[in-house]
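Hello,

Here is the structure I promised to pass on to you. Please open it alongside this note, and then read on for what turned up in it.

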Amino acid sequence: QKNGVSNGTLYKKTFIEHFEQAPMYVAVFTFVGFAVGTIFGYLRDFMRAWGLEKRNIAAEREQQKDFVPLYQDFENFYTRNLYLRIRDNWNRPICSVPGPQFDLMERVTDDYNWTFRFTGRTIKNVINMGSYNYLGFAETDVNALKTVTIELEKYGTGVCSTRQEMGTLDKHVELEKLVAKFLGVEDAMVFGMGFATNSMNIPALVGKGCLILSDELNHTSLVLGARLSGATIRIFKHNNMQSLEKLLRDAIIYGQPRTHRAWRKIIILVEGIYSMEGSIVRLPEIVSLKKKYRAYLYLDEAHSIGAVGATGRGVVEYFGMSPDDVDVLMGTFTKSFGAAGGYIAGRKDLVDFLRTHSHSAVYATSMCPAVAEQIIRAMKCLMGLDGTAQGLQRVRQLEKNTRYFRRKLHEMGFIIYGNDDSPVVPLLLYMPGKIGAFARRMLEKNIGVVVVGFPATPITESRARFCVSAAHTREMLDTVLNALDELGDFLHLKYSRYSKSSHPELYEESRLELED
């Protein structure tokens, strides 16, 4: 249930993560739920095939009946018969800034989620527990956005060129210097899209004859970048150092398949915080292994930069390590900085190489100058360069909120995954029927949540994923926690066998102060 490490040589503080297994009956009922859904799905497909039920999903044209099918019928079975039944819980359009609260456009369906229509009503002040607004920089305060407004009026909205042509502006140069200073590295390069920062730059760093060792829970952008590179890919178990070391050892001993030549290079791909598990990478152990076997390390800090570390500098700072221990530092501005885009940072020769060879630099449009200014103002706030301590206060408030929220959920009896310091908090629902019921009931209480199920998670591990923000007040968190306590009893979601009490009292503020 708990995974704790306290190693004086590698870890400077106790490293605790929770991955409690559900009781056996929960797994049995989960499979039964999917089995029942599958049986009724085939029944409904039979009725559609014989015209007993209206067929709303995309179908082959009669004129192309002899063609190879464009829509694979069996592959869409799950989407057609399970996802559509609870589709109202996703893609909900909001009509305000995604801050700690947002406004939601109400929509209803008259045909069991095949189509939706808007009622014209707006659901006001929904507590936002789903956006990656970790530090609360997604805001509309006029004074805070003053510099962004100035840059928008000066540069407009678009650059209309790539970085290698006429798309490098003084704002990009300023931002890259600031990112390098913030991370404590020689140089950095920024890109207009976070997803493409991984998928378009990994192919520039590795290719045929190279070996990629990838964590099994890595984000799709890392997976796509690895596949596009043409390198050989091998997967190690999530955060499992024995699995990783075995792959490293075998790669050194046996080399490439058939020829047994040495690999041109070996690169390890990991994330700082895993966005679906809430776990933190075991960076000290991975760095130790990469030095032992002389491999390279690519660290994706999309969810960890700004969110962990004493001053928000990510997992490198969280573990008290040097940025020089990581060969390629990658991160995005879409979460903690309330903007868009991403960066790659490290040694100057690495960044100079990417300026020439990165597909994103050569072909993609440059970052909007106003977005660059938003990142600059948020990063300066974190670094204290704006003359205030507001950035540090946000980091500390996020840590306080995270610990409070996680501890309360644990005491209530929910099974939650991840590290005690991770602001990504997965709450396990398990059974497919509870996914829709959970999200709908929470929205009735004016709380917006993200629910996730198969195939985005293992079939038996459907979950709700909460993202804690520094902008959440204690009252907001207590409102959410009280709703969860009530809903947990109603839907029977309190599966944990390690909870301290079923109805804990609220923590005193003094007990939540961070240790120096």
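Which backbone oxygen lies 3.0 Å from a polar atom of the side chain of Asn239? That oxygen belongs to Ile280. For polar contacts, the rule is a pair of N or O atoms within 3.5 Å; within protein, one must be able to donate a hydrogen and the other to accept it, and residues adjacent in sequence count only if both atoms are side-chain atoms.

Before the rest, a word on the source. This is a predicted model, in which local features need pLDDT of at least 70 and side-chain atom pairs count only at pLDDT 80 or more, while totals for chains, interfaces and linings use all residues. Residues are numbered from 1 along each chain as its sequence is written, and side-chain values use heavy atoms, with hydrogens and water left out.

Back to Asn239, which sits in the loop between strand S7 (232–236) and H8. Helices (H or I, at least four residues) and strands (E, at least two) are DSSP runs, numbered from the N terminus. Asn239 counts as buried, because its relative accessibility is 9% (buried means under 20% relative accessible area, exposed over 50%, partly exposed in between, with a 1.4 Å probe and protein chains only). Leaving aside residues up to four places away in sequence, Asn239 touches Glu17, Asp215, Ser279, Ile280, Val281 and Arg282; contact here means heavy atoms within 4.5 Å.

UniProt, in an unreviewed entry, places a "transmembrane region" at residues 22–43; its positions are given in the numbering used here, feature names are shortened, and annotations may be inferred rather than shown by experiment. In the model, that stretch is 91% helix and 0% strand, with its end C-alpha atoms 31 Å apart. Met24 lies in helix H1 (residues 24–49) and is exposed, at 65% relative accessibility. Met24 also belongs to a nonpolar surface patch of about 1300 Å², whose other members include Phe29, Phe40 and Trp50. Patches are made of residues with over 30% relative accessible area and no salt bridge, joining like charges within 9 Å and nonpolar side chains (Val, Leu, Ile, Met, Phe, Trp, Tyr) within 5 Å. The areas come from the Shrake-Rupley method with a 1.4 Å probe, and for residues only the protein chains shown count as cover.

Next, the charges. Side chains of opposite charge can pair when their charged atoms come close. The count comes to 32 salt bridges, each being a side-chain nitrogen of Lys or Arg within 4 Å of a carboxyl oxygen of Asp or Glu. Here are some of them:

- Glu139 and Arg394 meet at 3.6 Å, N to O. Glu139 is in the loop between strand S4 (117–128) and helix H3 (146–155) and Arg394 in helix H14 (residues 390–412), so this pair ties together parts 255 residues apart in sequence. Arg394 is buried, at 14% relative accessibility.
- Glu461 pairs with Arg463 at 3.1 Å, N to O, and Arg463 is buried, at 0%.
- Arg117 and Asp110 have their closest N and O atoms 2.7 Å apart. Arg117 is partly exposed at 43%, whereas Asp110 is exposed at 58%.
- Arg44, Asp45, Arg48, Glu53 and Arg80 are linked in a network.

Finally, a backbone detail: Arg294 has a positive phi, near 55 degrees, in a residue other than glycine. Arg294 is in the loop between helix H9 (283–292) and strand S9 (296–300).

Best wishes
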